[in-house]
Amino acid sequence: MTASALNTQLRQVAIIGIGRTPFLTENREQSSVEMVADAVENALEDAGLGLGDLDAAVTASVDLWDGRTASNVALTEVVGAVMGPETRIAADGLAAFSHAAMTVAAGAYETVLCVAHCKPSESDHLALTAWTLDPVLLQPLGFDDAIAAGLQAEMAGSEPRAWAEAVVRARAKAASDPFGPSLHVPEVDDVLESPQLAGPLTLDMAAPLCDGAVAVVLGKSKINGRDYKESQAGTRVAGIGYATETHYLGERDLTGTPALRAALCRTGVDVASADVIELSTPYAHQEELFAKAMGAELETLNPSGGMLGGAPPFVAGLARLVEATKRLKKGGLGIAHGTWGPAGQAHCVVALEA
Amino acid sequence: MHRNVAVVGTGQTCHTKARDDVNQPELVHEAVTAALADSGLGARDVDAFVLSNMELFEGRALPDLWCAEAFGVADRPLLKVATGGTSGTSAVIAGIHQAASGMFDTVLVAGYEKHSEGHTQAGMALTDPLWDRNVASGAVGNFALSVTELARERGVTEHQAALVAVKARRNAVRNPHAHLQMPDLTVERVLESKMLAEPLRMLDMCPQSDGACALVLAAEERATSLNRRPAWVRATATRHDKPYLGDLPQRLANMRTLRDASASAYRQAGITDPLKQLDVAEIYEPVTYAELAWYEALGFCAEGGAGRMIEEGLTDMDGELPVNPSGGVLSSNPVGASGLIRAAEAALQIHGRGGDRQVEGATWSLATGYGVYSWADVIVMSAERG
């Protein structure tokens, strides 16, 4: 069964080009702007387009991580937005992609660039995640994303060994990615015996943070006079969905993941029919948790290795979309997922049809 | 666009120096509640939400996560838009696109800033660390630079700028939401106010306000079922420009972004004579001199004609084209909401809900957003669906 016909306007939106930088543990050679420029150049080359062919840009980045007010200011020239429109969605890149798809479906723009970037090496990622929390009721308790995840892992009530196995699987798959951070593949016991991070989670169970940028060019799948490479332009957006849960950890259903369910439901996609599923999992226990919520089989998940193989925060979801797009064969159905916020407070799902 | 979208309701807080009685989500909630009431809707009737805020001013990250409570429903679509001063108008345009796409019939867009909880000038000084930070000097410094250029290029005088200040703060008296209301403000008082950075004086500058604003967008029949006189979106346009201040000579005098965005918007809306065809304009004026530059960039007058426009009262409440009946950014400035307030004020004029600041029979309105060095958003609305 294919995705819901409710999204008819959306299904005219196609992925025309994809591009990325390598994901490095530390990119000392390039600024954020330079990383974005590289990703954009790759995506445009893949699309067979120039910067001037873009009608608009939708970017994803977070000021606190970039150490700049209105951090998208720095990107204007490299995303083709000089005397053009650019909007920034301050969340994971997949959310920016979803918005970009809506602008094309609306008929506001024909060809849109979506790009996400983050350089966690230039900041203290976990410390910054604390600044997303209620400053009176949660932040003073010393919470950050890791501790929130530890709480969620504890409540999930599964065996840490299974999570360690997920890490090993991911690293093994990611080892063959020429653009990956080339991390070594640990033994299950190495992961279990790495220092405690929070609750039942060890350090090695957190997705390795990388510097990097990912860019996607999207547009109407049928535009007269445009000659897009068949493989990408054949991949259309079959559905999008995103949702944010209530904020307070004590009030949330941390193991039921209602926002993920709501986002998935919105896409109208039938998970059982999906050929490729790429989920974002900032922490290893979430692979099992999110897969269960989606009704997906663990074995078929994340052929790329997913986030546990190494990814930049706020870029990971868009990277999942790129990985899913690359692996879709004609007639295939793919699902990409992104998440942001403590213990996955917000989720975004995009369904693709090749 | 795929389908027509209109603003059907608006709401805002009473903007003020410090709201010590509410936290950030509670501040947003006030505006959301007011906008829902104005639209005749409950939170569950809304399909998606958009939030606008410049979180670095409060030293926070991903404020949509903490403010999720403010919307009154959980597990719903919510995205945060952040584009500097244009965040408010950017968020409205984003909401318009989302509703026009067919994904959602009803979208609520909210924006806020709680300057009292942060250090705005410190936030504003976080520009490019290599080239701009030493000279960008927050808001006042770089405006003083561009205003000096403008004065020399176009001959605008401090007296004309002071007239803009007087118009704004006197208009604000009729707006119950406005922060700075000065019924007795005179040109003399503006010119006697403290010099901040030559030639900008205290009363030439916008304030920093705690405040929130929200509006509800609806598509086609949903809109007509909610409001007898919806404010139909007839055009939107966005233009950004180069990142470094040094690459933008004559920034205010040229303002090529606003020129091009408004030209595009007027074309889309079929406006050939904005001064005559528009009934009211809510423009984002960060300093008095900028409003004069905007008159020219928006095609209200020829180059060099802005000074005369303000002197002859053409943009007063009883003038040819009332500009900023709300009092504008000069009277209320919660940055994440300021652009949204322009759109909300432009919409409520069409709704006929302007109270003492209503422009009689307003049918066509204009809202603009301004941010960073010279980013521009333009939204044209009309009671006529088109």
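Residues are numbered from 1 along each chain as its sequence is written, and chains are lettered from A and ligands numbered from 1 in the order in which they are written. In this predicted model, local features need pLDDT of at least 70 and side-chain atom pairs count only at pLDDT 80 or more, whereas totals for chains, interfaces and linings use all residues; side-chain values use heavy atoms, with hydrogens and water left out.

**View 1. The fold of chain A.** Chain A contains eleven helices and eleven strands (DSSP runs numbered from the N terminus, helices being H or I with at least four residues and strands E with at least two). Its radius of gyration is 19 Å, close to the 20 Å that the globule rule gives for 354 residues, so chain A is as compact as a globular protein of that length (the radius is taken over C-alpha atoms, and the rule is 2.2 Å times the number of residues to the power 0.38). The C-alpha trace of chain A spans about 60 × 45 × 40 Å along its principal axes. Of the 354 residues of chain A, 65% count as buried (buried means under 20% relative accessible area, exposed over 50%, and partly exposed in between, with a 1.4 Å probe and protein chains only).

**View 2. The fold of chain B.** In chain B there are 16 helices and eleven strands. With a radius of gyration of 19 Å, close to the 21 Å given by the globule rule for 386 residues, chain B is as compact as a globular protein of that length. Its C-alpha trace extends over about 55 × 45 × 40 Å along the principal axes. Buried residues make up 67% of the 386 residues of chain B.

View 3. Over all chains, the structure holds 31 salt bridges (a side-chain nitrogen of Lys or Arg within 4 Å of a carboxyl oxygen of Asp or Glu). One of them joins E323(A) to R20(A), with the closest N and O atoms 3.3 Å apart. E323(A) lies in helix 11 (residues 316–327) of chain A and R20(A) in strand 1 (residues 13–20) of chain A, so the pair ties together parts that are 303 residues apart in sequence. Both E323(A) and R20(A) are buried. The two residues also belong to a network of salt bridges that links R20(A), D177(A), E323(A), K326(A) and R327(A).

**View 4. A buried salt bridge in chain B.** E55(B) and K80(B) form a salt bridge in which the closest N and O atoms are 2.6 Å apart. E55(B) is in the loop between strand 2 (48–52) and helix 2 (63–66) of chain B, while K80(B) is in strand 3 (residues 78–81) of chain B, so the pair ties together parts that are 25 residues apart in sequence. E55(B) is buried, as is K80(B).

View 5. The side chains of E221(B) and R385(B) meet in a salt bridge at 4.0 Å, N to O. This pair links distant parts of the chain, 164 residues apart: E221(B) is in helix 9 (residues 220–226) of chain B, and R385(B) is in the segment after strand 11 (375–382) of chain B. E221(B) is exposed, with a relative accessible area of 53%, whereas R385(B), at 27% relative accessibility, counts as partly exposed. T224(B) also has its place in helix 9 of chain B and counts as partly exposed, at 39% relative accessibility. T224(B) and Q24(B) are 200 residues apart in sequence and 33 Å apart in space, C-alpha to C-alpha.

View 6. The peptide bond from E198(B) to P199(B) is cis, with omega near 0 degrees; P199(B) is in the loop between strand 5 (195–197) and strand 6 (200–201) of chain B. T257(A), although not a glycine, has a positive phi of about 40 degrees. This residue is found in the loop between strand 8 (235–244) and helix 9 (258–267) of chain A and is buried, with a relative accessible area of 2%. F314(A), which is not a glycine either, has a positive phi of about 70 degrees. F314(A) lies in the loop between helix 10 (285–294) and helix 11 of chain A and is buried, with a relative accessible area of 9%.
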